[in-house]
Amino acid sequence: EHSRRSAPLQPVVHLRLGQLAGILQATEKGEQDVEQAISLAPKNPEYRKLVALFYLYEGQPEKAAVHLNVYLQLTPSDFKPLMQLLAGKTAARIEVFNRKKLVELILPSDPQMLYEFAQNWGMDDQPAVAMALKRADAILKDRNSARTPDLLLHADIQLAKGDTDEAIASMLQALKNNPMDLKTQLRVINLLEQQGRLEDALVEAKKLLSYDRNSKVYNELIFSIEGKIENDKDQQE
């Protein structure tokens with residue numbers, strides 16, 4: 001109590017008192033102190049993490065999830081280590097949240113983060129993966145952004161969902177913003193070929209000549225696609 005009176009506006013005091021109360025099993029008092037610490041420093045990511053750990057220790061995972069969600073919003077660079085802790089296949093994993101709960105409660109409304117979770121942390125939990133991709137897709141649609149990074153992320157999400165045609169359309173839109181994006185151009189050509197859209201693939205492949213008209217690689221790619229088109233015509237006759 002002396003600490004509270006001597007430093008009533010110091011969030012770290014309330015944080016330490018809350019942790020001490022938790023150790024002493026005075027849960028209600030501990031909650032009051034850790035929540036007071038957060039109210040005084042709501043944008044301090046370290047406090048958010050410590051308060052989340054307090055709630056996990058106290059067996060209150062849903063309260064911990066609230067603070068982990070904000071923690072990731074404040075420190076997105078810690079997404080990978082946090083997922084390693086909560087969803088990884090290591091002995092250090094804290095098995096408190098199933099993957100569906102991670103998507104519902106902990107992952108913030110960040111489409112890149114949701115996509116990365118689906119790709120790397122969903123493991124074999126297909127419902128959780130589908131939920132993460134659905135959330136990411138909805139966020140991007142709400143943004144209705146024509147920015148190249150958003151268009152390419154939208155394309156990656158569509159590919160993960162199995163909608164290749166939509167992915168191609170998004171990449172082509174991104175190429176209108178940045179026609180010299182060679183990596184995306186090559187991806188589009190490859191996907192068009194996979195979809196059997198050879199005439200479209202040829203149109204896109206010929207654009208490569210604007211990078212280097214004398215490129216042996218680009219000319220061989222064009223020749224290869226033209227050969228496939230001719231082969232298809234021969235089979236149809």
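**Reading helix packing and a pocket**

Modeller: In this predicted model, the crossing of α12 and α14 is left-handed, meaning that the near helix is turned anticlockwise from the far one by less than a right angle, whereas clockwise would be right-handed.

Biologist: At what angle do the axes of α12 and α14 cross, and within what distance do they come?

Modeller: An axis is a line fitted to C-alpha atoms over the stretch in contact, with angles from 0 to 180 degrees between N-to-C directions, and helices are DSSP runs (H or I, at least four residues) numbered from the N terminus. The axes of α12 (residues 182–194) and α14 cross at roughly 15° and come within 12 Å, which makes α12 roughly parallel to α14 (under 35 degrees; over 145 is roughly antiparallel, 65 to 115 roughly perpendicular and the rest oblique). On the α12 side, L182, L186, I189 and E193 make the contact, and on the α14 side Y218, L221, I225 and K228, contact being heavy atoms within 4.5 Å. These residues divide into six nonpolar, no polar and two charged (Ala, Val, Leu, Ile, Met, Phe, Trp, Tyr, Cys and Pro are nonpolar, Asp, Glu, Lys and Arg charged, and the others, Gly among them, polar).

Biologist: How do α13 and α14 pack?

Modeller: Helix α13 (residues 198–207) packs with α14 (residues 216–236) at about 160°, their axes 9 Å apart, and that makes the two roughly antiparallel. Their crossing is left-handed, and L198, E199, A201, L202, A205 and K206 of α13 meet I222, I225, E226, K228, I229 and D232 of α14. This contact has seven nonpolar, no polar and five charged residues.

Biologist: Which residues line the largest pocket, and how much space lies in it?

Modeller: Rolling a probe the size of a water molecule over the atoms shows where empty space is left. A pocket is an open set of points, on a 1 Å grid over the protein atoms alone, where a 1.4 Å probe fits, with protein on both sides within 12 Å along at least five of seven lines, and lining residues have an atom within 4 Å of a point. The largest one holds about 160 Å³, a volume being the space filled by probe spheres set on points joined across faces, edges and corners. Its lining is K49, A52, L53, L56, L68, Y71, D78, P81, L82, L85, L86 and I94: ten nonpolar, no polar and two charged residues.

Biologist: What should I keep in mind about numbering and confidence?

Modeller: Residues are numbered from 1 along each chain as its sequence is written, and side-chain values use heavy atoms, with hydrogens and water left out. Local features need pLDDT of at least 70 and side-chain atom pairs count only at pLDDT 80 or more, while totals for chains, interfaces and linings use all residues.
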